[in-house]
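Have a go at each task before you read the solution.

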Amino acid sequence: MSPKEDLIAILGDANVFDTAELLEAYSRDESFVRHMKPQYVARPQNTEEVQELVKWANRTATPLIPVSSGPPHFRGDTVPSLGGVIVELTGMKRIIRINRRNRVAMIEPGVTFAELQPELEKEGLRLPMPPCPRRSKSVLGSCLEREPTIIPKYQWDISDPLLCTEVVFGTGDLFRTGEAAGPGSLEDQWASGQAQTNPMGPFQVDFFRLIQGAQGTTGIITWATVKCELLPRLQKPLLVASRRLEDLLDFAYRLLWARLGDELLILNSLNLAAILAEDRDEIKALRDTLPQWVLVVCVAGYERLPRERVEYQEKDVMDVAQRFGVEPQIAIPGARASDVLEALSTVSAEPYWKLRYKGGCHDIFFLTTLDRAPEFISRVYQMAAAAGYPGTDIGIYLQPQIQGRACHCEFNLSCDPSNAKEVEKVRQLFLDASSELISMGGFFSRPYGPWAEMAYSRDGQSAVALKKVKEIFDPNNVMNPGKLCF
Amino acid sequence: MTLLDYRNDMQRCSRCSLCKWPPLSQIKSWRFSNVCPSMVWGNFHAYSAGGRMIAALALLDGRIDYTDKLVEIVYRCQMGGACDVSCKVNRDLDPLEVMLELRAKCVEDGQVLPAHMVMIESLRSDDNALGEPKAERGKWAEGLEVKDITREKAEVLYFAGCRYSFDRDLQRIARETVKLLRMAGVDVGISGKEEACCGGRAFEIGYRGEFTKYAEHNIETWNAAGVRTVVTSCADGYGTLRSDYPRIGKTMNFEVMHITEYLDRLIEEGRLKLTKSVPLRVTYHDPCHLGRLSEPYIPWEGVEKKVLGQVVVKDPPKEFRRGTNGIYEPPRHVLSSIPGLQLVEMERIKEYAWCCGAGGGVKEAYPDFALWTATERIEEAMATGAEALVTACPWCERNFKDALEQSKAKIKLYDVVELLLEAL
Amino acid sequence: MGLRRDSYRVLEGIVGPQNISEDPVILDTYAFQWLAETISGTKFAARPEAVLLPGSTEEVQAVIKTCNRYGIRYKAFSTGWGPWNTVGGEGVVQLDLRRMNRILDVDAKNMYAVVEPYVIGAQLQVEAMKRGLNCHIIGAGSNTSILASATSMAGYGLSGIFMGYSGCNVLAVEWVLPTGEILRLGSLGSGAGWFCGDGPGPSLRGVMRGFIGALGGLGVFTKCAVKLYPWYGPATIPMEGIRPLDGMPIPESFRVHSLTFPSWEALADAVYRIGEAEIGYVVGRALPPGMIPVLNVSSSAEYAQMLQMVTRAGVMDEFKYCIQTILGASSARELEYQERALEEIMSETGGTIIASMEEASVREVLFRALIKVEGIARVFQLAGTFATSLGAGTSWDAAVASGKLGEQLKRKYIEQGAIADDGGDLAWGGAYQHCRFGHLEEIIMYDFQDAESLKGADDYVAESAQAAVEKSLGQPISIVPGMAEHFGPTSFNYHIWMRKIKKAFDPGMTADPSFYIEAEQPPGK
């Protein structure tokens, strides 16, 4: 049988595609990675089909590229490096279970934030999200990529909010990670009061950590549980403006130490403008009105004594602010805190906010500590100036992570995709800045595209170890080959 | 009791390593968080109290035989008892007793150190473990014109002890102490050259026979002399008299007091008036035998029974000494009574004080280790910002003195009595 | 057996002659262990061939490379409390990491510390408190190694409501692999610092450990960074007294209460609500009813008397469904909020504050015991030793179910007289990360010197492990050799994957696998 026939035998002909348009769409994304067309796009609907698919891929040595979010894609991880079959999981959209008592949801990979949040709200829950994710963004895709969320206090471990998973490894073996592994079936576990909230294990291996951050190179997740939080009954967002980033940092540190606030992040004027405004002209105007730096913090009350909680938190935030000489406000020139919170906590309207300014955007992000952010920012500005790229076109997003132990530092380089010169300038700046930032000690923990080589040449020992892991879980290298160090 | 009698204690060690640290909630810094000098020195688990209990068990059960290493492990320990205090925060075990019995067994089996043999020879020939001639013993008191209790009665016997009797650097403290007592109107006498060792060091290094001999002799002598109180400036001696003499079951018709206790009483009674200011910032070192090792030995003989199924209880109930009732406050009261003196505490104090390093036969057998231990303590003293380290034991003083000479650390060293005298 | 002289000389050359020994007395002090009788029937498990005290990562690496060259197995430990520290059989050298004892950094701003293996909780805590921070300390006590708990063991502690679980608190790690290469996890490997243990790409923390660590089976961890957490009290707190414990003065920013509920269900509800309200600094069952008397008695006889007395007087009923709580807050307003929230929760669930535990001196003792995490070793006091059972890390409801099951299963063994009659309920544990998961382990006390008691304890542990499987209450936490082989088949054969990991990372099979897994399946299994 031909590959297509094989696929149809597994998935049914309604779920196998090879139209030129679709293959062309998957051959590239918004990033600078080399274009490469897949041969087919397959849409499994359940775990059994996924497992059959992976076994087939092993038999036929066919690369599989799992994709759970809809377009546009930005990281290059969904572009096949060596051809193969796109495994589109967007059709697996079941919200299998929401358990209010244990604040957990079990979902399939195709469930988006836009689909999940309303269902969680019905149960009085919410899931911490990245800032205004795109509409087509898969929740599990985001979790598997370790995308930062905007509520650092809920991130006990960088793996949060991902909990247990069901996975088909690259070998074709089915497995469940964390306490979902057993003993007992899911039904047995639910009957005993378990809710798949402990992601660790089973026993002496944290299997889920080998899948998370792997860009689909270990296996394919067929469902996962995610850690949900209480939906606030009351929220009081505040904005703290400053011309100097340094003036905000100690304030932020103290909030993290005192565990004040839910949402806590820092945006520069361009990014804040892009989140709030609808088009390029509006963004430009708003950017020029807004202060250079804005810290967003929101205090909240939940089901229990919400007013009292907001009241004490707000007063405590003000006390801290006074100590550090900053002024939290409900509105600043150009923005109201409530609008900002609304925008950040909602799935982005179209076009996706990062694309509104110029139509295209290339992100550089890495982990550091908050106190080092100014030196990285300063360097990027210098390099942009040297490259003739306007600093005012750089969006900056700082997100405390792991309850303040680390900080996601992100630079968004907008460009007009139809302007070849600009694209090339941005591409070069992207590469040069990435290289410089990594040499300055920026930790590129999510090594997409060209970052992979940079990261693994710095940390060769990790590459060696990861290859051993790869050899175990995907010995035939069918899972998204060519990514990371594989 | 014998080593075998403690077999259950050895078996029940849970290897928690608490014997290596002060009681956990008393740890105040990483720097001064150890309490066992031989563990810090030796590092292998065998150097801890728990380790020695295991070694004792292994020896009893025939799993191991004597080696140089075993003997070294047994004797490279000041027997300061901090381990015992820490263990007993949670357990009803007697690690220090096990270690004492282990030493006694080693001596019985002829596994002794040459340096200790020298001490015992000296004891046997001259009633002191320092190698000094007995005839010289009373010379420290020449010219004092103090009663000799071998010839006259006195209410209070001042027991100088071997170290104060013979150590020419320290003798003046004993002299000053006697003067002080007389100044306060105390009817004090001494034994002069008839004074004999308390036997404490012999006990610590496992020579039970020698210890018993001296204990019996001293008790009989002092009972016969009719003294009401035996006062000593030597913490080691104090600990021996108060804590270990009860082991031999002979009635003591006298009270035993350390000089700091006695001086504290005199100050309370108004018999000593401290009027001169001594502007000095000091820190006080708790000698092991004045502190945690001064509680009287409580003999116990009985069996173990089970209640509540498997809860092991001793019948009759066994009372454990945990160092709680050591002499900690009297020296501090005395120091606090001195006008102008500022007392600051080290991190490891009272029941969980770090040892000076001299005891247990270590000064004699492992002098480097003794000095190292003292240097560690001196560093702790200096970390308080104190100008002076004060203590109440001549063995501590000798060892600190030697360590200061070697390290040239800039901190003064005093006995409590010296500072008190300055205030009179 | 003994090491070959040439290999011994090489090892001696690495660590120095004073830091290696094969003297039997030294070896036996490493063979002796709590619970060794569960492995060998006596207090002594296997003797190592030699004990080494490496002083640096370089020495550890050189030792491991030497072991690989000569085919010698090795097993490292930090403080070494528990039978999983012992070597698995003949031919294994023990690495005692005691000399690697430094706190390398306390980054107060970014709230993490970098430590070597022999730093214990008590040390890190006092240094952290000077900077307004605290560290998560496991229930076994602050005499345990921070690094060992984070990299190699488990990590339950009742501060977990606020400070999580050791396995989640680890950031970057310096790891000498079984083959002798040094792997630096996360940001450390990229030369970026210690703040993150994950990446680039997937996280090798996943290989390092799972819910439980590799217990020496995957090389040696020589440094790690751990999260620190806010401490809302003063930099130092003076306290007096050792035993009986005096209390620790309770700073203004804390409140201490013992709470009781009308049923397990009410207790479960209350803890869930405490988690949701995001209150609590220490919450859990530190003192299950059978342990309440231990707080201030001086002997096991007194314990027995007191337990009988309070049981007869019905006093223990009050403690039947109890938890101990410490509230801690960064401001007076927050504390007031926490107290109000707790009051409401109590009212909703029928909970009350236990009046007899409200006396200031009692609360101060409890505060000290829970913040300093000392006194837990008393569980050895009564019968000579203890064992644990059930206790999987799971949802709080399932944890409570484990607590109920344990009490039920223990009854038979108490009635037989095989284990101590502690009242039946010694379920210890709590809810972590604001009740995202929790555990209750059922403790039994027994006399290992009594053959019937030892058998009863073994039988109970086996029976409860089987029950945990049958009732889907997660894999129990009592750790014995061969667990992966035993439980793997109940959970997607994870043991097969573990074996592959072992083989890949330790092709020379030199890291002692006795508490991890052998690279080859033993015959007959």
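**Exercise 1.** Find what share of the contacts in chain A between residues at least 6 apart in sequence join residues at least 24 apart.

*Solution.* Keep in mind that this is a predicted model. Start with the pairs in chain A that touch and sit at least 6 apart in sequence; of these, 72% link residues at least 24 apart. As for what the chain is built from, chain A has 16 helices and 20 strands.

**Exercise 2.** Work out how the radius of gyration of chain A sits against the globule rule.

*Solution.* Step one: the radius of gyration of chain A is 22 Å. Step two: for 486 residues the globule rule gives 23 Å. The two values are close, so chain A is as compact as a globular protein of that length. To round out the picture, the C-alpha trace of chain A spans about 70 × 60 × 40 Å along its principal axes. Of the 486 residues, 67% count as buried. The accessible surface of chain A is about 15600 Å², and 49% of that belongs to carbon and sulfur atoms.

**Exercise 3.** Describe how helix 9 and helix 12 of chain A are arranged, and which residues meet.

*Solution.* Two packed helices are described by the angle between their axes and the distance between the axes. Here, helix 9 (residues 269-276) and helix 12 (residues 337-344) of chain A have axes that come within 9 Å and cross at roughly 75°. An angle of 65 to 115 degrees counts as roughly perpendicular, so that is the label for helix 9 of chain A relative to helix 12 of chain A. Now the side doing the touching: A:Leu272, A:Ile275 and A:Leu276 from helix 9 meet A:Asp339, A:Val340, A:Ala343 and A:Leu344 from helix 12. Sorted by type, the residues of this contact are 6 nonpolar, no polar and 1 charged.

**Exercise 4.** Is A:Asn412 buried or exposed?

*Solution.* First locate A:Asn412: strand 20 (residues 406-415) of chain A holds it. Its relative accessibility is 2%, and the cut-off for buried is under 20%, so A:Asn412 counts as buried. Next, look at its partners beyond four places in sequence, among them A:Asn271, A:Lys354, A:Cys361, A:His362 and A:Asp393. For a distance check, A:Asp474 is 62 residues from A:Asn412 along the chain, and their C-alpha atoms are separated by 34 Å.

**Exercise 5.** Of the 2 pairs of chains that touch, which has the most contacts?

*Solution.* Chains A and C have the most. Chains A and B, on the other hand, do not touch, and their nearest C-alpha atoms are 23 Å apart.

Terms used
Residues numbered from 1 in each chain as written. Chains lettered and ligands numbered in written order. Predicted model: local features only at pLDDT ≥ 70, side-chain atom pairs only at ≥ 80, totals over all residues. Heavy atoms only, no water. Contact = heavy atoms within 4.5 Å. Axes fitted to C-alpha atoms, helices over the stretch in contact; angles between N-to-C directions. Helix = DSSP H or I, 4+ residues; strand = E, 2+ residues; numbered from the N terminus. Parallel < 35°, antiparallel > 145°, perpendicular 65-115°, else oblique. Nonpolar A, V, L, I, M, F, W, Y, C, P; charged D, E, K, R; others polar. Rg over C-alpha atoms; globule rule 2.2 N^0.38 Å. Buried < 20%, exposed > 50% of the residue type's maximum accessible area, 1.4 Å probe, protein only. Areas by Shrake-Rupley, 256 points an atom, 1.4 Å probe, with all protein chains shown as cover.
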